[in-house]
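I opened this notebook to record what I looked up in one model. The entries run from the whole chain to single residues.

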Amino acid sequence: MTIIPEIVRWLVYSILHRILHGRCDKAIFRSAPPKETESFCWIFCSTIGELNACKLLIQHYCSTGKVLLLTDREIYVDSFKSQFPMAEVAVADIDFRKTALTISRYPPHLAIVCEIPVLLHDAPCRLSYGVLRALKKYQVRICLVNGWLYGYKPACKQDYIEKLLFEQDYLNCFDILSVQTDEVKQVLISQGAYAHRVVVTGNMKYDNLNANLVLTAQTQELLDMLKHYNQLFVAGCVTDVWEYNFVVSAFVKARQNQPDLKLIIAPRHPEKPEQLAALVGILQQNILQYDFRSMIAASWQLKDVLIIDTFGELKAFYSIASLCYVGINHNILEPLSLGKSVAVLENWEPRYPSYPVFKIAESNSMIFLVESEEDLAEFLTQSAGNRYSSQKVLNKLQILSGAFSRNLEQISMLVSIKGN
């Protein structure tokens, strides 16, 4: 497709897009209009996962200027705002034309894409080439940080067409492509990225190993109450019905020896009613009493199970756990950074950005691998926390840190060059 000039390809695609989507409605904002003199650092984080991975970088730019956080999923807007109240938050819609409205409202001087997508539409998020193209029209510097490849196929025909037409153009919109591994770097170069723009900086997840919690008064009050229970099993990022069954069955088995054990479970997708309904059905089948986090009243008392159906609070609940389980293919660093004993299933998906962290933790005996409900139940009943030193785990993880400072240095050099 590079034989055909980009401007021609874009003209054809824009016509097709207009036919498909019609007129452009306003973008979705959650704040008052800024002053005309203000300029912003745009930071795109598709989900809480990317937000957490790049948290230190976001905090840095929030402390030094105005920030607009962008997500392609409206369900995360309130959580983003609660974690970074000093930032503005908007939704990057599938219709790239809304970006023009966003640019006029929040004029950017720098744009950062956190972790995904590195290749166009290769990850479970939506960031159109049209967004980056609009930014480049205004000569905005664009950086990708903590880059990781999923290798997904486009989710729909429109994404497939966009990827076919603009894959290399998308890559070369980035002034810096900062990635986690040399393998990712080589793939990007083979796909047409400018080699001098691709740099390996490591994984910024290792720079977030602190026990600091940013809590609302309501969450703090809830944690203070839960701390009175000395047997709390927190299962986070539990992915699907089969894993709900796995965790609940192990919990029921463990309670035969530990009747005071309580379960706090956080489904990966609480925004999906069918997922919550499936979990509730499993709890009812096992004759377990439960409550939803979002429905807790002032005089509430912990039942058998607490279902976390809110966003952005999982680390807070890990902090008061006796033992933890992390759903397959998700973030084990949060509970490890809090000194918790963590159990996980084997056979993680190598395409997920959590996989390198999992392999390092596995090879260094930082986590407890389980194969069955019986294994997890044994983990819950055999005082797993006494089997290793949490400080040794933290020391091993600390050695892997430093990606944040390397990324910040790369971006600062880029901005400095532009300034000159």
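My entries on the chain, a helix, a strand and a loop residue follow.

**Basis.** I worked from a predicted model, in which local features need pLDDT of at least 70 and side-chain atom pairs count only at pLDDT 80 or more, while totals for chains, interfaces and linings use all residues. Residues are numbered from 1 along each chain as its sequence is written, and side-chain values use heavy atoms, with hydrogens and water left out.

**Whole chain.** I found 17 helices and 15 strands in the chain; helices (H or I, at least four residues) and strands (E, at least two) are DSSP runs, numbered from the N terminus. The radius of gyration, taken over C-alpha atoms, is 22 Å, close to the 22 Å that the globule rule gives for 420 residues, so the chain is as compact as a globular protein of that length. That rule is 2.2 Å times the number of residues to the power 0.38. I noted that 54% of the 420 residues count as buried, meaning under 20% relative accessible area with a 1.4 Å probe, protein chains only.

**Helix α6.** I looked up which residues of α6 (residues 129–137) are buried: Tyr129, Gly130, Val131, Leu132, Ala134 and Leu135. These buried residues pack against α1 (6–21), β2 (40–44), α5 (98–105), β5 (108–114), β6 (141–147) and α7 (157–171). Just after α6, I noted a positive phi of about 60° at Gln139.

**Strand β3.** I recorded that 5 of the 6 residues of β3 (residues 66–71) are buried, so the strand is largely enclosed by the rest of the structure. β3 pairs with β2 in the parallel sense over 5 bridges; strands pair if DSSP finds at least two bridges between them. Ile43 stands opposite Leu69 of β3. β4 (residues 88–91) runs parallel to β3 and is joined to it by 4 bridges, and Leu70 has Ala90 in β4 as its bridge partner.

**Ser46.** I then turned to the loop between β2 and α2 (48–53), where Ser46 lies. Is Ser46 buried or exposed? Ser46 counts as buried, at 0% relative accessibility. Leaving aside neighbours within four places in sequence, I listed its contacts (heavy atoms within 4.5 Å) as Thr71, Asp72, Arg73, Tyr76, Pro124 and Cys125.

How values were computed. Buried means under 20% relative accessible area, exposed over 50%, partly exposed in between (1.4 Å probe, protein chains only).
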